[in-house]
Every structure is written in structure tokens, then in C-alpha cells.
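Keep the viewer open and follow along.

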Amino acid sequence: MPKLTRAEVAQAARNPLPFIAERWTPSPRTVRRAAMSAVVMAVIIVVTGGAVRLTGSGLGCPTWPKCTEESLTATSAMGFHGAIEFGNRMLTYVLCAAVGWAIIAARSAKPWRRSLTRLGWAQFWVVMGNAVLGGIVVLVGLNPYTVAAHFLLSTALLTVAVVTWQRVREGDAEPRPLVGKAVSQLTWLLAAAAGLLIAVGTVVTGAGRHAGDSSDVHRIPLDWKMIAQLHADLAWVVVALTVALWFVLKAVDAPVGPLHRTRDLFLVVMSQGVIGYVQYFTDTPEILVGLHMLGSCLVWIAVVRVVLSLRERPVATAPVPSPAAETPEPAAAG
């Protein structure tokens with residue numbers, strides 16, 4: 001291990017990212033893996049957050065940022081619920097580590113792509129904001145509106161993580177559309193419908209029976225069956241728009257990328273729909289609700305990938321001068 005001077009140690013302490021970048025160049029594969037790790041952890045934190053609610057452990061740690069007024073961590077007296085809630089809080093640090101790895105890898109890659117570093121920092125600040133919001137959720141006793149906001153902010157984190165992962169695989173040239181404006185508009189309509197579907201799903205959760213704790217937790221004062229029916233109707237709208245988009249892409253002879261991404265979205269949405277209907281008719285068992293939350297992440301990832309597949313961003317390269325543009329050599333005398 002090379003010895004560092006006092007000046008180098010001070011430089012590393014003041015601004016560690018350039019210091020690391022000067023001494024480490026990750027391979028493109030490492031950068032892709034770092035970006036993917038952030039995507040995976042963004043999904044895991046949603047699923048484990050659902051496990052906290054579905055096991056009734058939402059107030060296993062009754063305060064925040066400490067677990068109790070006297071202890072930073074869960075104690076044995078708090079039992080299963082305290083361990084579940086505190087474990088989910090600890091996973092936030094794992095998520096931060098994954099996002100931090102993505103930032104360091106993006107900053108150390110050669111050539112440095114500032115856009116990737118900015119996307120990594122955007123993930124970091126969304127994680128910090130959602131951690132604070134999670135604390136507010138506990139302090140207000142699992143108010144369903146704050147719980148819904150907590151989930152939606154997690155979806156925002158997932159969006160930025162997927163965009164970062166996609167941008168790692170692309171260049172920095174200006175995006176070039178692969179389809180016409182009408183197809184692009186249909187895709188954005190599909191994305192808006194999917195976003196509304198997820199938002200209404202949080203209302204279904206807030207009005208449903210899984211309040212997150214065994215105590216008397218406030219619920220959204222709406223008819224649960226009515227809002228669940230609206231959620232199902234929106235799901236069919238998303239399915240119809242997905243099928244329509246696929247046929248339009250086939251009709252305009254679009255590249256295989258958008259076609260494959262649309263096909264993937266259709267399969268994920270249909271699988272999610274099956275889980276949704278089964279959980280509805282079986283009185284929302286916890287395991288199926290957890291799978292439905294995982295499915296919501298996969299649906300949104302598929303939607304974002306469809307949107308991103310409609311354009312390409314080649315690697316920007318410096319123009320190579322043509323032979324005619326080169327300076328001719330002086331002719332020999334005589």
C-alpha cells in the first residue's frame with residue numbers, strides 16, 4: 001500500500017471522490033454493476049418496508065431517530081416487532097452504501113461523465129429525504145398519507161436508479177428518437193397511467209386492513225372495495241395502452257428494443273394483475289400483498305425501460321479529419 005503524505009491525506013479528507021478517481025479506474029462492467037446494485041437495493045428496501053407493515057411492526061421502534069427514548073437500537077424486550085423495524089432501518093445504510101458505490105464508480109470512470117455522477121447524487125438525496133420521511137411516518141403514528149408519500153418517494157428513487165443504470169450503457173451524445181412523435185406521446189400516456197395506478201394503489205393500502213401495527217392506526221376514510229375497483233380499472237387501462245403501443249410499434253416497423261421492452265411490460269403487468277385479483281378474493285393475505293408490492297416495483301421498472309427504449313444516445317466521438325482536410329506535404333523540388 002503506497003504511503004501518503006500529509007498533504008495527500010488532507011486532500012482526501014476534503015474531497016475524497018477526485019482523490020479516489022486519480023488512483024482507481026473501474027472497468028465499464030464494474031460501473032454497470034454498481035448502478036445495478038442501487039436498483040436492486042431500491043427494490044429490496046420497498047419489499048422490506050412492506051414486510052414491516054405486513055408483520056405489524058411499523059411501531060416496533062416507537063420513536064425516531066432512536067429506536068426508543070433510551071436506546072439507539074432495538075432491545076430484547078422489544079421482541080420480534082422491534083427487530084423487524086430496526087432491521088429495516090439498518091437496511092437504509094446498505095442502500096446508502098450501494099448508492100455510494102455507484103457514485104464513486106461513476107466519478108472514477110475514465111472519461112469522467114458528469115451526468116452519471118449527478119444522477120448518483122440525485123439518488124443519494126432522495127434516500128436522505130425518504131429516511132427523514134420514514135422517521136416522520138413513525139412520529140405521526142403511521143398516518144396513511146405519510147405512508148403513501150413514503151412509498152411514492154421510494155418509487156422516485158427507483159426511477160432515478162433505473163435511469164442511471166440505463167445511462168451507464170449509453171453515450172453522452174444528444175438523444176436520437178427511434179420512433180415518431182405520436183408513438184412517443186402514446187408511451188408517455190402509458191407512463192402517466194402507470195404512475196396513477198401506483199398512486200391509487202397507495203390509497204388502497206391506506207384504506208385497507210394492513211395498517212402496519214396492532215394498535216388503532218388511522219385509515220383513509222374511503223370505501224376500500226370502491227377504491228380497489230378503481231385500482232383494478234386503471235390496471236386494465238395500463239394493459240390496454242400496453243397492447244396498443246405494441247401494435248403501433250409493429251405497424252411502424254420500430255426497432256426491436258422498444259418492442260421487446262413493451263412485451264416485457266405486458267408480461268409483468270399481467271402477472272401483477274393475477275396476484276392482485278387473487279389477493280382481493282382471498283382477503284389480502286400478507287404474503288400476496290408483499291408479492292404485489294414487489295410486482296409494483298417491477299411494473300414501474302418495466303415502464304421506465306419502455307420510455308427509455310424510444311431513443312438512443314450514441315457515444316460522442318471527436319470528428320476524424322478527412323484526407324482532403326489534412327495539410328498537404330510540400331512538393332519536392334525539381
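Let's settle one term before anything else: helices (H or I, at least four residues) and strands (E, at least two) are DSSP runs, numbered from the N terminus. Leu 142, for instance, lies in the loop between H5 and H6, and we'll come back to that residue below. What you have is a predicted model, in which local features need pLDDT of at least 70 and side-chain atom pairs count only at pLDDT 80 or more, while totals for chains, interfaces and linings use all residues. Residues are numbered from 1 along each chain as its sequence is written, and side-chain values use heavy atoms, with hydrogens and water left out.

Start with the overall layout. There are 10 helices and 2 strands in the chain, and reading along the sequence gives α-α-α-α-α-α-β-α-α-α-α-β. Along its principal axes, the C-alpha trace spans about 105 × 65 × 25 Å. Contact here means heavy atoms within 4.5 Å. Among contacts between residues at least 6 apart in sequence, 77% join residues at least 24 apart.

Now the surface. Accessible areas come from the Shrake-Rupley method with a 1.4 Å probe, and for residues only the protein chains shown count as cover. The chain exposes about 18,200 Å², with carbon and sulfur atoms supplying 67% of it. For burial, the cut-offs are under 20% relative accessible area for buried, over 50% for exposed, and partly exposed in between (1.4 Å probe, protein chains only). By that rule, buried residues make up 43% of the 334 in the chain.

What about charge? Lys and Arg count as positive and Asp and Glu as negative, leaving out His and the chain ends, and each charge is placed at NZ of Lys, CZ of Arg, CG of Asp or CD of Glu. That gives 28 positive and 19 negative side chains, with the centres of the two sets 7 Å apart.

On to the interior. In soluble globular proteins, nonpolar side chains tend to be buried together. A nonpolar core is a set of buried Ala, Val, Leu, Ile, Met, Phe, Trp, Tyr and Cys residues joined through side-chain atoms within 4.5 Å. The largest one in this chain has 64 residues, and Leu 158 and Leu 265 touch the most other members. Helices that give two or more residues to this core are H3 (28-54), H4 (79-108), H5 (114-139), H6 (144-168), H7 (181-207), H8 (224-251), H9 (256-281) and H10 (286-308). H10 supplies the largest share, 11 residues.

Which residues does Leu 265 contact, leaving aside its neighbours within four places in sequence? They are Leu 190, Thr 242, Val 299, Ala 302, Val 303 and Val 306. Follow that list to Thr 242, in helix H8. Thr 242 is buried, with a relative accessible area of 1%. With neighbours within four places again set aside, Thr 242 is in contact with Leu 190, Thr 262, Leu 265 and Phe 266. Over in helix H7 sits Gly 195, which is partly exposed at 26% relative accessibility.

Next, the cysteines. A disulfide is a covalent bond between the sulfur atoms of two cysteines, and the test used here is a pair of cysteine sulfur atoms within 2.5 Å. A search of the whole structure turns up 1 disulfide. Cys 61 and Cys 67 form it, with their sulfur atoms 1.9 Å apart, and the -75° about the S-S bond makes the link left-handed. Cys 61 is buried at 0% relative accessible area, and Cys 67 is buried at 0% too.

Finally, the backbone. Most residues other than glycine have a negative phi, and most peptide bonds are trans. The Trp 64 to Pro 65 bond is cis, with omega near 10°, and Pro 65 is in the loop between H3 and H4. The Lys 110 to Pro 111 bond is cis as well, with omega near -5°; Pro 111 belongs to the loop between H4 and H5. Back to Leu 142: its phi is positive, about 65°, although it is not a glycine, and Leu 142 is buried at 7% relative accessible area. Thr 284, in the loop between H9 and H10, has a positive phi near 45° and counts as buried at 8% relative accessibility.
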